[in-house]
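Hi everyone, thanks for making time this morning.

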Amino acid sequence: MLRVIKVAQRRETGETMKKEKDERSFWEKLATLIVDKRNLFFLLYGAAMLFSIFASGWVSVNDDLTSYLPEETETRRGLDLMDEEFTTFATARVMVNNITYDQALTLSEQLETIEGITEVAFDETEDHYRGAAALYDVTFDGEVDDEISLTALNELKEELAPYDLYVSTEVGNNRSDLLAEEMKMIMVVAAVIIVSVLLLTSKTYMEIPVLLMTFIAAAVLNMGTNFFFGEISFISNSVTVVLQLALAIDYAIILCHRYSEERTHMEPREATITALSKAIPEISASSLTTISGLGALMFMQFGIGFDMGRVLIKAIFCSLLSVFTLMPGLLMIFSKGIDKTHHKNFVPSIDGLGRIVIKMQYMVPPIFLILLVVAFKFSSMCPYAYGYTQITSFQKSENTIADNKIKETFGGQNTLAIVIPKGDYDSERALLADIEKHPEVNSALGIANAEAEDDYMLADALTPRKFAEMMDLDVEVAKLLYGAYGIKQEEYGHVIGNLDNYEVPLIDMFLFVHDEADKGYVELDDEMQRDLDDAYEKIDDARKQLQGENYSRLVLDLNLPEEGEETFAFLDVLREDVGRYYDEYLLVGNSTSDFDLSSSFSRDNVMISILSIVFVILVLLFTFQSVGLPILLILVIQGSVWINFSFPYLMNSNLFFLSYLVVSSIQMGANIDYAIVISNRYMELKKQMPPRKAIILALNQAFPTIITSGSMLAAAGLLIGFMSSDPTVASIGICLGRGTILSIFLVMFVLPEILLLGDKVIERTMFAIKPPELTQELEGSMRVNGHIRGYVSGTIDAKVQGVIHGEVHAIVDTEGKKEKPKEESSEENLEETEGKEGQTHENQ
């Protein structure tokens, strides 16, 4: 009999466990799978990280911001056309200080002998010699990326090493490599700061290795998977790792804290499963605001926004994946160490701040609204820059130092190209003459006014006799050459009846003669052949730079800054000049690039501001189920954005336009999490206590989370800003660090007063759907998580979280709201309770 009872009990226990297993939520089942299969995940991560380490070296990094201009812009079309049609030889501006003119002249002659250098422009004018400083304009044989240019540059530096030397050039100036080296140092400093913050804010020391290993895995995965994009920008390549750490380490901290809470009453495995099942929806919801803010970047016309958006969003997903699938296994491995290394809480209580908030609840909101209006006005007056010449960085590269030094002594350069259809030399000559009349133009060069020999220009049309005089040829030989040229061009009328007056542009005739001599059709003596080869080399270099298969290029040197109202207005003047001669043309240069960027910025600014706010509001609406609360939160964070970008106006410093677009979206998407933390806690606590007491406790509870996450993001931004030599990257870093600090301040000192003052608005705009009041009759084993009022082997009116074995006759509110049962139900429950109690006594 006893054995039968034991078998029955075991069977009943097994059935109960099976029912409990079946009744687990999806997240609990998923968490159990991840924890129990942790060794498989370790193996998968090992393989993925090994691949990522190799794949990170395959990622192509683009250093050219202009390549991200929209395809329809004039600059983008012009650059693509010039790449197809022309050769752009690499150049360098080389300044030698503390040198006499005779020494400088001797050096210029020495530099011309270096293999790989085509030309060294130097004369006694103030353009090249001023105040004991010599400036050489060096032209290389190859383009910027050609090995011959880099070799020649290195030899030039060796030749001038004994002198006070400054070299400004794009040759060997690889931004991505320089930034990669700088980011290594930034990551080391960032790691020290982050570990220090975690030591102060963590609950146990052994959490820190778990957090760091999780992040390292996420960072390596993200860098390796960039390979699938084919190419990313140098900005995305440099800042993503640091921003990924700052933006996503919250997710790992949340899971760590959940585990610590569950570990107080559960074994490591069960604590990890429960913590993970609770953390997955919580972390996923938290990440949505960050992802939505970054997603707004991808709608920019300027392609760099799409590039940064996709790389950073992928970084967030890699972080989520590592936290959800790798970190649980690490928690299991380090569970004993975590248990043994608990330490006291170093984060101070801030109850005093809460009391100050209560006292100032009627004073701070009006002040904030006034500040909001002023900040909006100042931020709208922010002086934006669209090129590199108007922005600086605290850290400066060798090339930047040289460029600034040369500009201080000899002024800057602003080169502009005009691309026009090829062949009409008369129109080209007239256009160049008109352009040179403008005082804003230092020089204008094209085939039509490029000097050849004996005061002849390359585009001058010469008769056979004039050509023979210039080349020191017999006239009859020249006529034969002209006849052959005419036949090749199918201009038979000139060949047959008017050869003496047949005029051919000098450049065309020169190239034809050289080609015929190379083929052996024309025989010249040795001296003439050498002269022809020397002349051909110079003419061919000019042709490659100024004349393509279908288009010609005019090169202008302007004495205007690269950007600004005056420069942009002069571009319109040039377009009027060119339009008088050509229907089809393109203006290409840094000035046109800056103009195109300024045009796209207006649209991108509005687009990102609206989309980031809309995306975040949608997330907040579903999170809080209130219309009023999301608006209040957005108001605070948008205020921090406006205040942040008031600083450039107040400091009278230019702000790179990209910094505004990137940082405003990150602030809206990521910093709003701080406001959400306080608001969530406040909304929960005020159900149990008065609003004033709830806000004090909410601030105290949220402070460790906000200070941990905020200090990391602020530190990451400021480190990038102060340690990067690239002005674009540095500007993004400074704005991000400053914006994060402002967001933390407003969330801690302004948001609480707004929540208290707007409490009625929040309550009246709630739209949660009230579940129907239905009395349920249940029997057996069931998992309950909500408010129950009714009969459960006795009368109950309480919040229940757990498993009930027995009979239930009650109203079950899974939303956690108290429901008032009908009087009939209460009487029935009471009668049923009495009946059940009587039956129980009889059974006993």
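Let's start at Phe228, which sits in the loop between helix 8 (207–225) and strand 7 (231–233); helices (H or I, at least four residues) and strands (E, at least two) are DSSP runs, numbered from the N terminus. Is Phe228 buried or exposed? Phe228 is exposed, at a relative accessible area of 55%, where exposed means over 50%, buried under 20% and partly exposed in between (1.4 Å probe, protein chains only). Phe228 belongs to a nonpolar surface patch together with Leu50, Phe51, Ile53, Phe54 and Trp58, and the patch has about 690 Å² of accessible area. Patches here are built from residues with over 30% relative accessible area and no salt bridge, with like charges joined within 9 Å and nonpolar side chains (Val, Leu, Ile, Met, Phe, Trp, Tyr) within 5 Å. Areas come from the Shrake-Rupley method with a 1.4 Å probe, and for residues only the protein chains shown count as cover.

A quick word on what you're looking at: this is a predicted model, where local features need pLDDT of at least 70, side-chain atom pairs count only at pLDDT 80 or more, and totals for chains, interfaces and linings use all residues. Residues are numbered from 1 along each chain as its sequence is written, and side-chain values use heavy atoms, with hydrogens and water left out.

How confident is the predictor? The average pLDDT of the protein is 82, and 87% of the residues score at least 70; pLDDT is the predictor's confidence in each residue, from 0 to 100.

Now the overall picture. The protein has 32 helices and 17 strands, and 50% of its 844 residues count as buried. The accessible surface comes to about 40,700 Å², with 55% of it belonging to carbon and sulfur atoms. Of the contacts between residues at least 6 apart in sequence, 77% join residues at least 24 apart.

The largest nonpolar core has 145 residues, and Ile235, Phe302, Phe657 and Ile672 touch the most other members. A core here is a set of buried Ala, Val, Leu, Ile, Met, Phe, Trp, Tyr and Cys residues joined through side-chain atoms within 4.5 Å. Helix 9 gives the most to this core, with 18 residues. A second, separate core of 54 residues includes Ala450, Leu458, Leu511 and Ala535. Back to Phe302: not counting residues up to four places away in sequence, its contacts include Leu65, Tyr68, Leu597 and Phe657.

Tyr259 lies in helix 9 (residues 234–263) and counts as buried because its relative accessibility is 1%. Which residues does Tyr259 contact, leaving aside neighbours within four places in sequence? They are Pro268, Ala271, Thr272, Ala275, Leu331, Ser335 and Ile338. Ser233, in strand 7, is buried too, at 0% relative accessibility. Leaving aside neighbours within four places, Ser233 touches Val61, Asn62, Tyr68, Ile304 and Asp307.

Let's turn to charges. Side chains of opposite charge can pair when their charged atoms come close. The whole structure holds 24 salt bridges, each one a side-chain nitrogen of Lys or Arg within 4 Å of a carboxyl oxygen of Asp or Glu. In one of them, Arg76 pairs with Asp80, with the closest N and O atoms 2.8 Å apart. Both lie in helix 4 (residues 74–85), four residues apart, about one turn of the helix. Arg76 is buried at 7%, while Asp80 is partly exposed at 29%. Another bridge joins Glu684 and Lys687, at 3.9 Å between the closest N and O atoms. Here Glu684 is partly exposed at 46% and Lys687 is exposed at 64%. Shared partners also link Asp434, Lys437, Asp577 and Arg580 into one salt-bridge network.

One last item, on the backbone. Most residues other than glycine have a negative phi. Asn98 has a positive phi of about 55°, and Asn652 also has a positive phi of about 55°. Asn98 is in the loop between strand 2 (91–97) and helix 5 (101–112), and is exposed at 65%. Asn652 is in the loop between helix 26 (647–651) and strand 15 (655–656), and is exposed at 71%.

How values were computed:
Contact means heavy atoms within 4.5 Å.
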